[in-house]
Amino acid sequence: MTYPPIDSYAFLSDTHTAALVAADGAVEWFCVPHFAGDAVFARLLDREVGGALDLSVAGCDTPTRRYLPDTLVLESRWSTPDGVAVVKDFLAVAPGDAAQPLRADKVLVRRVRVEEGTVRLALRIRPRPDHGARDTTWEHVDGRWRAAGTPLWVDTDLPAEHGDGVLRIEAELSAGQQAAVLVGYDEDATRDVDADEMLARTCRTWQDWSTRSDYAGFGADEVRHSALVLRGLAFDETGALIAAPTTSLPEHIGGVRNWDYRYAWHRDSALLLLALFRLGHAEEGRRYLHFLISVCTGDLLTPLIGIHGHIDEERELEHLEGYAGSRPVRVGNEAVEQVQFDTYGHILDAALVYHELTGELTREQWELLRKHVEVMADRWTEPDHGIWEIRGPRQHYVNAKVMTWVCLDRGIRLAELLDDRTADVEHWRTARDAVHAEVLERGYDPEVGSFVMAYGSTELDASLLRIPLVGFLPGDDPRMQSTIDRIRQELEVGPALVRRYRADDGLPGEEGAFLLCSFELVSALVLAGRRDEARKAFDQLLNYAGPLGLYAEQLDPDGTALGNYPQAFTHLALIEAAINLDEAGDRDALHAWAARGGS
């Protein structure tokens, strides 16, 4: 059975949950009551048993689509021989307060307006609770339709009937007429504001947020759109950034490389904070830092965390066939049980960025962070599972060692900035310098002319591109230059498309190019002084965006989007690459710029 291309879906968000809308107007992914909840619409992963909210206009199979400027409001134009209808799809949001700057109304709105002639409209609403495992029934209560066993309710003035778990709505509308269907996912969701007011308020809220940024540098349009995507993936209650709103979209079509990404990973935390502050979203940066600090209370750090502070046990949903037959479909993520030392570096880097930009890191917050620097000072000689979560034995991954160095380096700098005379800074400094020396001795292989994935290996790893981005070595260091060249020779599978690695990871099949690493190649080239190459690679990567400017996690060389979608880290790396191109890759100057308030 044919599945739509992954990157053909539109992404809607109210910062509490998300919906994906197919090119034919069907909502095929919708989790309630939040991002990591039950996918009551899951046709994305099974064309038969997955629920959906279909919308069709007689005489037109596929509309033309766009986002309204600086919003996550989707506009679809349906043109038929008899008329033209315009549909606005959105998850309603409103301005919030200091605790929650954007407030979710917890309502999915589909508003239809006929511009010309007459059109016949049909909607089919078929929720399937428990990720499509069972059907539901409808009843009409207190002026609303309610789906049993779900939090869903439907409010509309259009005539509706139900049967076999489906709510059917049909209408014929003429020029000037409009109608709306509201699908709420919370009993307390508003029902006192009409669709037009919700639309105006949602557009205004997104546009007001977007225009806080005055960034007009390189790639300004793409940066602004990517920032909106990142904001849409940030959970309203805590500021936690989920990697993607989906689970089990495959890294290899028909294969088993299918994971649940509806969680917050700590990798690239510093980049997110820097991007938020650089683009004028300081409040979101503060909320994210507070979330990061909140997960530092234990003795050990996990590489990922749920939006409510926990991760569900990984399990397989055997009733779903998976996208294009890619099984298993998983919910929960076993990677939470891994030891990933790079996590410590990402969080300490983020804390330093935050304090450099605001001066607001408190003594209490530092006390929580300091113990993790102490952990790395004592454990840096141990192997770990690595950033890519390969489900095999621990190794001495070079990226993990570099990020351990980052943890120690940032800890030293924070202790000095905060005048913490009780910290054992000399022990940290000794450990930091030892890590640096060991990576240069054991992590760089002069015979192959590059840094390597792990000690004793000659395999490449695209995460090595971050070595200059975190300040471990200058970008124009000959060892880094040769590493970039070897990565391009051996891991580049299409123009600017870089795979993570080619090493055996114990799983069948091959994944596609990893777009995070592809954009990081741009940044590494800039820092290497190869700006023309970087600009060419960036332009090539922009051409790989989906029709609505969205990116998945990976891309096959033939242009097929792979992996969960839209992928936060891809859009974050795009922002980083654009800013590096604009600022000539000077990280310290960029920090200073932000610290001065952009003056």
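The largest nonpolar core of this predicted model holds 208 residues, and among these Phe30 and Trp428 touch the most other members. Helix 8, which runs over residues 398–417, gives this core its largest share, 11 residues. In soluble globular proteins, nonpolar side chains tend to be buried together.

The surroundings of Phe30 can be followed residue by residue. Once residues up to four places away in sequence are set aside, Phe30 touches Thr17, Ala18 and Ala19, then Asp38, Ala39, Val40 and Phe41, and also Leu91, Leu108, Leu152 and Tyr185.

Leaving aside neighbours within four places in sequence, the contacts of Gly345 are with Met403, Val406 and Cys407. The C-alpha atom of Gly345 is also separated by 8.4 Å from that of Val402, although these two residues are 57 apart along the chain.

Turning to the protein as a whole, its secondary structure amounts to 14 helices and 26 strands. Its radius of gyration is 24 Å, close to the 25 Å that the globule rule gives for 599 residues, so the protein is as compact as a globular protein of that length. The C-alpha trace spans about 75 × 45 × 45 Å along the principal axes, and 64% of the 599 residues count as buried. Of the contacts between residues at least 6 apart in sequence, 68% join residues at least 24 apart. The protein exposes about 21000 Å², of which carbon and sulfur atoms supply 46%, while the mean positions of its 60 positive and 99 negative charges are 2 Å apart.

Arg327 and Pro328 are joined by a cis peptide bond with omega at about 5 degrees, and Pro328 is found in the loop between strand 18 (315–316) and strand 19 (330–331). Another cis peptide bond, with omega at about -15 degrees, joins Tyr565 and Pro566; here Pro566 is found in the loop between strand 26 (561–562) and helix 13 (568–582).

Two aspartates have positive phi values. For Asp70, in the loop between strand 6 (64–67) and strand 7 (74–79), phi is near 55 degrees, and at 25% relative accessibility this residue counts as partly exposed. Asp419, which is found in the loop between helix 8 and helix 9 (425–442), has a positive phi of about 55 degrees, and its relative accessibility of 45% means that Asp419 counts as partly exposed.

Conventions:
Residues numbered from 1 in each chain as written. Predicted model: local features only at pLDDT ≥ 70, side-chain atom pairs only at ≥ 80, totals over all residues. Heavy atoms only, no water. Helix = DSSP H or I, 4+ residues; strand = E, 2+ residues; numbered from the N terminus. Rg over C-alpha atoms; globule rule 2.2 N^0.38 Å. Buried < 20%, exposed > 50% of the residue type's maximum accessible area, 1.4 Å probe, protein only. Contact = heavy atoms within 4.5 Å. Areas by Shrake-Rupley, 256 points an atom, 1.4 Å probe, with all protein chains shown as cover. Lys, Arg positive; Asp, Glu negative; His and termini not counted. Charge placed at Lys NZ, Arg CZ, Asp CG, Glu CD. Core = buried A, V, L, I, M, F, W, Y, C linked by side-chain atoms within 4.5 Å.
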